[in-house]
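Subject: Structure for your review

Dear colleague,

The structure is placed below, and my notes on it follow. Please read them with the structure open.

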Amino acid sequence: MGIAALVFDLDGTLVDSAEDIAEAINRSLEELSLSRVSEATVRSWIGEGVRRLVAIALAHAGSERTPEEVMPLFLRHYHDCLLRSPRLYDGVADALQQLQARGLPMAICTNKPSALVPPLLAHLGIAGYFAHIVGGDTLPQRKPSPEPVLHAARLLGRAPAQCLMVGDSATDLEAANAAGMPIALVRYGYPRDLDLDAAGAVAVIDDMRELLAGV
């Protein structure tokens, strides 16, 4: 593919953190005397940042509270639940090691609050693979805006067309397309309603190690 750098989404692409995000949402709902929801339901809400996640949860619960009111409470629970049970998807650690060995610089571009990213990467043993982190609050915009993806490319010192975005959702797809960056999509993760095979990605993969044949 002629790729000189990689930009990875985090949740649903490198890390399965849905159980912990769901627990943070449910602890928040319980504190507001609202009903818990299933992990599968929360999985369908992940991808557009924490404010949007909280807004969807409140609407689903029929609450009249605003996301701004609830965000401090949610972020407290999110921090407490961050390292409960996250796990790397199969093949991720091996793929990152081999990509780094090939001299390819890598960055994270996620809608997760930036302060929560380094402890999660360190906990999972993959912090050393990433030269830069672009979080959901690094810029005024977040994915699906192209700005975070473009910012990641600038930090890596590469043109967007020289980078490969790796993600799992329409949020990643829209951001990469708008940035002029090719994208590979994973079949696992939190795709929501995205038709992966019709998305126009340069690759759709079941295991991160499949990237190694194309970069």
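In these notes, contact means heavy atoms within 4.5 Å. Helices (H or I, at least four residues) and strands (E, at least two) are DSSP runs, numbered from the N terminus. This is a predicted model, in which local features need pLDDT of at least 70 and side-chain atom pairs count only at pLDDT 80 or more, while totals for chains, interfaces and linings use all residues. Residues are numbered from 1 along each chain as its sequence is written, and side-chain values use heavy atoms, with hydrogens and water left out.

Helix H8 covers residues 170–179, and its buried residues are Thr 171, Asp 172, Leu 173, Ala 175, Ala 176 and Ala 179. Buried here means under 20% relative accessible area, exposed means over 50%, and partly exposed is in between (1.4 Å probe, protein chains only). Among the elements that cover the buried residues of H8 are helix H7 (147–156), strand E6 (163–167) and E7. After H8 comes Gly 180, with a positive phi near 75 degrees.

Helix H3 (residues 50–61) has 12 residues. From its first C-alpha to its last it reaches 16 Å, close to the 16 Å expected at 1.5 Å a residue; the expected span is 1.5 Å times one less than the number of residues. Val 50, Leu 53, Val 54, Ala 55, Ile 56, Ala 57 and Leu 58 are buried in H3. The buried residues of H3 pack against H1, helix H2 (39–43) and helix H4 (67–81).

A buried asparagine

Asn 26 sits in helix H1 (residues 18–31). Its relative accessible area is 2%, so Asn 26 is buried. Apart from neighbours within four places in sequence, Asn 26 is in contact with Arg 36 and Val 37. A polar atom of the Asn 26 side chain lies 2.7 Å from the backbone nitrogen of Val 37.

Cysteines

How many disulfides are there? The count is 0, where a disulfide is a pair of cysteine sulfur atoms within 2.5 Å. For Cys 163, the closest cysteine sulfur is that of Cys 109, at 11 Å, which is too far for a bond. Cys 163 is buried, at 0% relative accessibility. Cys 81 is also buried, at 0% relative accessibility.

Aromatic pairs

Rings of Phe, Tyr and Trp (its six-membered ring) pair if their centres lie within 6.5 Å; planes under 30 degrees apart count as stacked, over 60 as edge-to-face and the rest as tilted. The whole structure contains 3 aromatic pairs. One of them is the edge-to-face pair of Phe 8 and Phe 130, with 6.1 Å from centre to centre and 80 degrees between the planes. This pair links distant parts of the chain, 122 residues apart: Phe 8 is in strand E1 (residues 5–8), and Phe 130 is in the loop between helix H6 (117–124) and strand E5 (132–134). Both Phe 8 and Phe 130 are buried.

The ring centres of Tyr 89 and Tyr 188 are 4.2 Å apart and the planes are at 35 degrees, so this pair is tilted. Tyr 89 lies in the loop between strand E3 (87–88) and helix H5 (92–101), and Tyr 188 in the loop between strand E7 (183–186) and strand E8 (203–205), so the pair ties together parts 99 residues apart in sequence. Tyr 89 and Tyr 188 are buried.

Salt bridges

The structure has 16 salt bridges, each a side-chain nitrogen of Lys or Arg within 4 Å of a carboxyl oxygen of Asp or Glu. In one of these, Lys 112 pairs with Asp 11, and the closest N and O atoms are 3.2 Å apart. Lys 112 is in the loop between strand E4 (106–109) and H6, and Asp 11 is in the loop between E1 and strand E2 (15–16), so the pair ties together parts 101 residues apart in sequence. Lys 112 and Asp 11 are both buried.

Arg 43 and Glu 39 form another salt bridge, with 3.1 Å between the closest N and O atoms. The two residues are 4 apart in helix H2, so about one helical turn separates Arg 43 from Glu 39. Arg 43 is partly exposed at 25%, and Glu 39 is partly exposed at 31% relative accessibility. A network of salt bridges links Asp 16, Glu 39, Arg 43 and Arg 87.

Regards

Notes: A polar contact is a pair of N or O atoms within 3.5 Å; within protein, one must be able to donate a hydrogen and the other to accept it, and residues adjacent in sequence count only if both atoms are side-chain atoms.
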